[in-house]
Amino acid sequence: MKIGLVGYPGSGKSTVFGALTGMEVETGYGAGKANLGVVKVPDPRVDALAGLYSPKKTTYAEITFTDLGGGKGEGLDRAVLNEMRNVDALCQVLRAFPDATGEAGDPMAELTGLETETLLADLEVVEQRVARLAKDRSNPRELALLERVKESLENEQPVRALDLSEEEEKSLSGYALLTGKPLLMVLNVAEDDVAAPVPEDLAKAAADRGVGLIALSAAVEMDIAQLDASEQGEFLESLGLEEPAKNRFIRAAFDLIDLISMLTAGPDECRAWPVPRGIQAPRAAGKIHSDIERGFIRAEVIRYEDLLEHGSEAKCKEAGALRVEGKDYVIQDGDVVNFRFNV
Ligand SMILES: Nc1nc2c(ncn2[C@@H]2O[C@H](COP(=O)(O)OP(=O)(O)O)[C@@H](O)[C@H]2O)c(=O)[nH]1
Ligand SMILES: [Mg+2]
């Protein structure tokens with residue numbers, strides 16, 4: 001799963017990327033080719049399970065972020081718009097801090113600016129396809145769907161706002177429409193504003209669009225990332241923060257791509273496995289190993305909360321908190337699973 005950081009030059013994409021990944025990145029005007037970095041998804045449930053089992057290994061879910069850069073002039077260049085097609089979700093960084101010349105940011109203009117550019121890019125793709133389908137009449141159903149999408153785009157409505165069936169989403173997926181991708185806004189604020197509420201107009205703009213909005217200061221997050229754990233607490237307190245905004249941001253990005261966490265726990269390893277929402281037990285088992293999927297017998301499932309409450313698998317069994325589920329079982333977020341299988 002890959003999440004693309006997008007936004008206008010100077011909005012702070014490369015700084016956000018550096019803060020997220022702890023990688024050394026080049027920031028500033030004109031810098032920033034597509035950087036790729038793998039990030040662990042902070043999960044207090046995994047921490048608590050590790051506290052219970054003291055495992056040899058603790059493993060968090062991971063997502064990949066990529067800093068897509070942002071063109072050199074006013075708009076986003078075509079190469080960047082094309083790169084955006086290859087990611088599963090987008091995070092737009094909005095500049096809300098004064099730049100080097102002291103000029104204030106205009107995050108609302110950046111938000112609507114990118115929106116317009118992506119609407120136009122999608123419209124171009126859809127118009128071409130509609131023209132072709134109208135001519136050769138090869139696929140009237142797809143034509144009808146694309147005409148609906150076209151009308152929506154012309155009314156400045158993103159594809160993500162359309163109420164599409166699973167089948168319709170599938171037939172659009174090949175077009176990799178930008179306004180159909182899940183979107184999260186990242187308001188990159190000045191150091192002094194980290195504890196301030198999000199400006200109302202932006203909060204409303206995000207809510208109207210049904211997209212998430214998170215405020216952070218990339219520069220501050222970068223500083224935090226460079227401190228060791230003992231210094232971090234004090235620094236956060238001095239800023240009026242409970243935890244690095246980075247953690248909240250990564251979790252929100254993880255939620256964006258509609259994955260849930262299946263958990264496994266034991267003395268060897270405590271681990272979160274990212275799986276698609278709605279996945280059935282055997283396929284989820286296949287994420288761990290294909291042999292377990294092939295030889296699937298049953299899943300023994302304990303709710304994470306129950307395992308913590310009772311303290312062990314055996315106690316959960318006694319308390320009736322261990323369920324035995326078959327191949328039709330749909331994995332839920334926070335299920336601690338033990339698969340039984342034939343080898
Ligand atoms: N004061 C301040 N400067 C920032 C912040 N985030 C980024 N910058 C600076 O803004 C400039 C542009 O940031 P950069 O990450 O390169 O933006 P990009 O073009 O979107 O990749 C750099 O000089 C950064 O150091 C922030 O939160 N506060
Ligand atoms: Mg950059």
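Which residues touch the most other members of the largest nonpolar core? The legends below take up this question first and then turn to other close-up views of this predicted model.

**View 1. The largest nonpolar core of the predicted model.** Among the 39 residues of this core, the ones that touch the most other members are Leu5, Ile63, Phe65 and Phe249. Helix H10, which runs over residues 245-256, supplies the largest share of the core, namely 6 residues. Because domain 1 (2-43 + 60-106 + 181-256) and domain 3 (278-341) both give residues to this core, it lies between them.

**View 2. The domains of the chain.** The domain assignment divides the chain into domain 1 (2-43 + 60-106 + 181-256), domain 2 (114-180) and domain 3 (278-341). When the centres are taken over C-alpha atoms, domain 1 and domain 3 are separated by 36 Å.

**View 3. The surroundings of leucine 5.** If its neighbours within four places in sequence are left aside, leucine 5 is in contact with Lys13, Val16, Phe17 and Leu20, with Phe65, Thr66, Asp67 and Leu68, and also with Cys91, Val93 and Phe249. Two of these partners, Phe65 and Phe249, are named together with Leu5 among the residues that touch the most other members of the largest nonpolar core.

**View 4. The packing of helix H1 against helix H10.** Helix H1 (residues 13-21) packs against H10 at an angle of about 95°, and the axes of the two helices are 10 Å apart. With this angle, H1 counts as roughly perpendicular to H10. Where the helices meet, Val16, Ala19 and Leu20 come from H1, while Lys246, Phe249 and Ile250 come from H10. Sorted by class, the residues of this contact are 5 nonpolar, no polar and 1 charged.

**View 5. Aspartate 122 in helix H4.** Aspartate 122 is part of helix H4, which spans residues 107-136. Its relative accessibility is 0%, so aspartate 122 counts as buried. Not counting residues up to four places away in sequence, aspartate 122 touches Arg85, Leu153 and Val159, as well as Leu177, Leu178, Thr179 and Gly180.

**View 6. The buried side of helix H8 and its cover.** In helix H8 (residues 218-226), the buried residues are Ala218, Val220, Glu221, Met222 and Ile224. The elements that cover these buried residues include the helices H1, H9 (229-239) and H10, together with strand S6 (183-189) and strand S7 (212-216).

Technical notes. Residues are numbered from 1 along each chain as its sequence is written. Chains are lettered from A and ligands numbered from 1 in the order in which they are written. This is a predicted model: local features need pLDDT of at least 70, side-chain atom pairs count only at pLDDT 80 or more; totals for chains, interfaces and linings use all residues. Side-chain values use heavy atoms; hydrogens and water are left out. A nonpolar core is a set of buried Ala, Val, Leu, Ile, Met, Phe, Trp, Tyr and Cys residues joined through side-chain atoms within 4.5 Å. Buried means under 20% relative accessible area, exposed over 50%, partly exposed in between (1.4 Å probe, protein chains only). Helices (H or I, at least four residues) and strands (E, at least two) are DSSP runs, numbered from the N terminus. Domain bounds come from an automatic or database domain assignment. Contact means heavy atoms within 4.5 Å. Axes are lines fitted to C-alpha atoms, for helices over the stretch in contact, and angles run from 0 to 180 degrees between N-to-C directions. Angles under 35 degrees count as roughly parallel, over 145 as roughly antiparallel, 65 to 115 as roughly perpendicular and the rest as oblique. Ala, Val, Leu, Ile, Met, Phe, Trp, Tyr, Cys and Pro count as nonpolar, Asp, Glu, Lys and Arg as charged, and the others, Gly among them, as polar.
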